[in-house]
Amino acid sequence: MIDDRFIYLKIYSSNEKKVIIKKLDEIVKYVAAAQLPNSIENIHPEFVKVQVILARTNLARKMRMFGGKGCLKYSDCDICDEGHCITILYDDELKRIWKDRYNKIISIIEESIKATEGLVITMNNRPIIAEFHNTCGGATENSENVIGNRVMYLRKVLCDYCLNSPNWEGYKEISIEEIEEKLKVRFPNLTPTLKIDMKGFIEEIDRDDEGRITSIKIGGKVFKGTEVKEILGLDSTRFSIAPKILGVKTRGQGDGLGLCQYGANQMALMGFKFDDIINYYFTGVEIRKIEKPCIKKPLKEKILVIDPGHGGDDNIGAEGPGGLREKDVVLKISKRLKEFLENLGATVYLTRDEDEYVSLNKRAELANKIRPNFFISIHLNSFSNSLIRGCEMYYYKGDRESLGLAKCIMNSMVKNLDVINRGIKVAAFFLLREVGTSSLHIDIDYVTNPEVEKLLKNNEYIDKIAESITQGIVEYYKF
Ligand SMILES: [Zn+2]
Ligand SMILES: [Zn+2]
Ligand SMILES: [Zn+2]
């Protein structure tokens, strides 16, 4: 049951193999639980609040209701639980990770969700990308050093709160072979006659004419070649030194972007509150309650360009057996559609609002200037066989958002109109290709079918078409 007091999201469940609807905070729980580092022993509840807010922020950012793009694989949902959207771990896996700490951790998370109800981190009214990492090792990073572009709120901040993290300093031995293989480089092959210095460690190597080492300074101490041979058990005093293994020392763990988890937990232990901690790591952000788009204006802040096809004396489009012309019908539908969408809060532009010729280039130019959420071309279809009827929709290859929208509009049209679903297909029509935002081409029905033509002559039916498309768009943005 959908309860208006809560925010819901559409999630593709890989277990159930279908889209299910869940309360946002129910998913927040499993995202936050997956993100808490189980290497921190004394997890402080105030830090858990921080992690809960980060999880809610990242989820909200993906949700279509708040202007997100949704899951890129399953076009009709906000996220999936396959991992590429966001990591979600359910109870079974969490029990395996947290073992006997599971109950305690989950109850702290549940309390934190209640205590931070609806809170997300925003900048310019949009949920931020709430990046975090395990241990920064002294300072977090400016975003341009990690992801290549400058993000206002991902600035370098100093942090030695994570000094006690086991990941503050790391050490890894990597063999030369591995380095050569992974970095696709070659180390010079050192032969025993070559003289090498490793400044500060191995220096002042003296050799006789045969290439044997007579004396060598290692770590500031001078040895005779024979001493080195003896002590290290070498076969000969004719030796060279080349590294086999490099020891790499690291500071911190993770990419250093955003919030340092060890540092944040330490701040919590020191008495800082969750909002202080978030404001410390994210520069210039706001923490505020997420607002559900108003029920009466579900399309508020959505921008749409509606494109009535054809127009003018030389471009009437398809024509019915009774003389009904495509250019007139699609203009009527588009004008009504604009009204309905505007009533629900959307901002709508038409590429033409009278019977005039507008070139395809002009239409694309207009759309690219406005950069709407969707560009929707409205057309009628025609065929030599007058029995053929039904609705077809087209989107550009790879444009999953338009495919998602097409599914919603098609469902609504089939439910509300006397129309047959003839499929949603990929096409490379000029406008689908040239318009830089998501774009959809709808062939409402076949005007060459006499029964369809009769329906399309009726203004009430025109209204019903516009209404059905509107409902489909609302459905797309719902939850
Ligand atoms: Zn996904
Ligand atoms: Zn740190
Ligand atoms: Zn057309």
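Asp355 is partly exposed, at a relative accessible area of 38%, where buried means under 20%, exposed over 50% and partly exposed in between, computed with a 1.4 Å probe on protein chains only. This is a predicted model, in which local features need pLDDT of at least 70 and side-chain atom pairs count only at pLDDT 80 or more, whereas totals for chains, interfaces and linings use all residues. Residues are numbered from 1 along each chain as its sequence is written, chains are lettered from A and ligands numbered from 1 in the order in which they are written, and side-chain values use heavy atoms, with hydrogens and water left out.

**Domains**

- The protein chain is divided into domain 1 (8–168 + 252–289), domain 2 (170–249) and domain 3 (303–477), with bounds that come from an automatic or database domain assignment.
- Between the C-alpha centres of domain 1 and domain 2 the distance is 47 Å.

**Zinc site**

- Cys71 (SG), Cys80 (SG), His84 (NE2) and Cys85 (SG) coordinate the zinc ion (ligand 1) at 2.2 to 2.3 Å; donors are N, O and S atoms within 2.8 Å of the metal (3.2 Å for Na, K and Ca), and water is not among the atoms, so sites may look incomplete.
- The 4 donor atoms make angles of 97 to 121°, and the site is tetrahedral, a label given to four donors if all angles lie between 85 and 135 degrees.
- Along the chain, the donors of the zinc ion (ligand 1) follow the spacing C-x8-C-x3-H-C.
- Cys80 is buried, with a relative accessible area of 0%, while His84 is partly exposed at 45%.

- Asn58 lies in helix H2 (residues 45–62) and is buried at 14% relative accessible area; leaving aside residues up to four places away in sequence, Asn58 touches Ile86, Ile128, Ile129 and Ala130, contact meaning heavy atoms within 4.5 Å.

**Positive phi values**

- Lys17, in the loop between strand E1 (8–13) and strand E2 (18–23), has a phi near 55°, a positive value in a residue other than glycine, and is exposed at 61% relative accessible area.
- His310, in the loop between strand E16 (303–308) and helix H9 (326–343), has a positive phi near 65° and counts as buried at 19% relative accessibility.

**Salt bridges**

- The count comes to 18 salt bridges, each a side-chain nitrogen of Lys or Arg within 4 Å of a carboxyl oxygen of Asp or Glu.
- Asp355 and Lys327 meet in a salt bridge at 2.8 Å, N to O, and the pair links distant parts of the chain, 28 residues apart, with Asp355 in the loop between strand E17 (347–350) and helix H10 (360–370) and Lys327 in helix H9; Lys327 is buried at 1% relative accessible area.
- Arg336 and Glu339 form a salt bridge with their closest N and O atoms 2.6 Å apart, and because they are 3 residues apart in helix H9, about one helical turn separates them.
- Arg336, Glu339 and Asp463 are linked in a network of salt bridges.

Key. Helix = DSSP H or I, 4+ residues; strand = E, 2+ residues; numbered from the N terminus. Tetrahedral: all angles 85-135°; square planar, octahedral: opposite > 155°, others 65-115°.
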